[in-house]
Amino acid sequence: MESSFGMELEYELDDDCEFTLNGSDSTYRAIRNALDDSDIIVTLEFDDDNIVTSVTAQAKTVKGILKGADDKRIIIVDDDGGRMSFGLDRNMECEFDGDEVTYSKFKSLYKDAESAVVAEVEIDDDGNVISVAAQSSSDSEGTVVSISSSSVVFEDIAGIEHEYKIEPAMVGYLNGEKLGSVAKVLEYAKADGATIKVTFSSRGYVNRIYVTLDD
């Protein structure tokens, strides 16, 4: 590892050394592989013989579901269930749904979001957020992952997948024009560059699919 003074340091690991990465139990191999994606901040614990007994690693760039944003911290939960809490740099840059905003506005937008918010944060060597970019998810709009006459899976703009059953009497539209054939709806929905918006029946099934496809 490299110390805060820029010196390279090497330590021996205990055979029973414990590893944590981004808030979750991990392995030496996983931490080593994580170096391919981001710089890693490492905290070590030693025994009386100066052998490392615990390695706590935190990637400097992480992405996950935003679970908290207040005056003191931002909380992210990643795909592995790791819960990470970061302090705030006073000069951090904030973005929400593609717009640059103040942190005060960022907190307000997050609080008002009706669905999950995905955020990517970058932290400094002290573990404080220097930039955060958030994207609110959508339960009804996205691009098709898979679709059939009975179900649809789509990925929203935040990268979250949603799966719904489809009503047998579902109606489809292409660029605002009603389609008479369910097969055509399915075909257009799977086309490259297509996006969809769905509405729901009283029992929570998709009853309309609106496909937008650029000419």
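## Aromatic rings in a predicted model

Let's start with Phe-96: at a relative accessible area of 4%, Phe-96 is buried (buried means under 20% relative accessible area, exposed over 50%, partly exposed in between, with a 1.4 Å probe and protein chains only). Keep in mind that this is a predicted model, where local features need pLDDT of at least 70, side-chain atom pairs count only at pLDDT 80 or more, and totals for chains, interfaces and linings use all residues. Residues are numbered from 1 along each chain as its sequence is written, and side-chain values use heavy atoms, with hydrogens and water left out.

**Phe-96 and its partners**
- Searching the whole structure turns up 7 aromatic pairs (ring centres of Phe, Tyr or Trp, the last by its six-membered ring, within 6.5 Å; planes under 30 degrees apart are stacked, over 60 edge-to-face, the rest tilted).
- One of them is Phe-96 with Phe-106, edge-to-face at 5.5 Å centre to centre and 75° between the planes.
- Phe-96 sits in strand β7 (residues 83-96) and Phe-106 in helix α2 (residues 103-112), so this pair ties together parts 10 residues apart in sequence (helices, H or I, at least four residues, and strands, E, at least two, are DSSP runs numbered from the N terminus).
- Phe-106 is buried too, with a relative accessible area of 0%.
- Ring pairs join Phe-96, Tyr-103 and Phe-106 into a cluster.

**Tyr-164 and Phe-200**
- These ring centres, of Tyr-164 and Phe-200, are 4.8 Å apart with planes at 65°, so the pair is edge-to-face.
- Tyr-164 belongs to strand β13 (residues 161-174) and Phe-200 to strand β15 (residues 195-200), 36 residues apart.
- Tyr-164 counts as buried at 18% relative accessibility, while Phe-200 counts as partly exposed at 32%.
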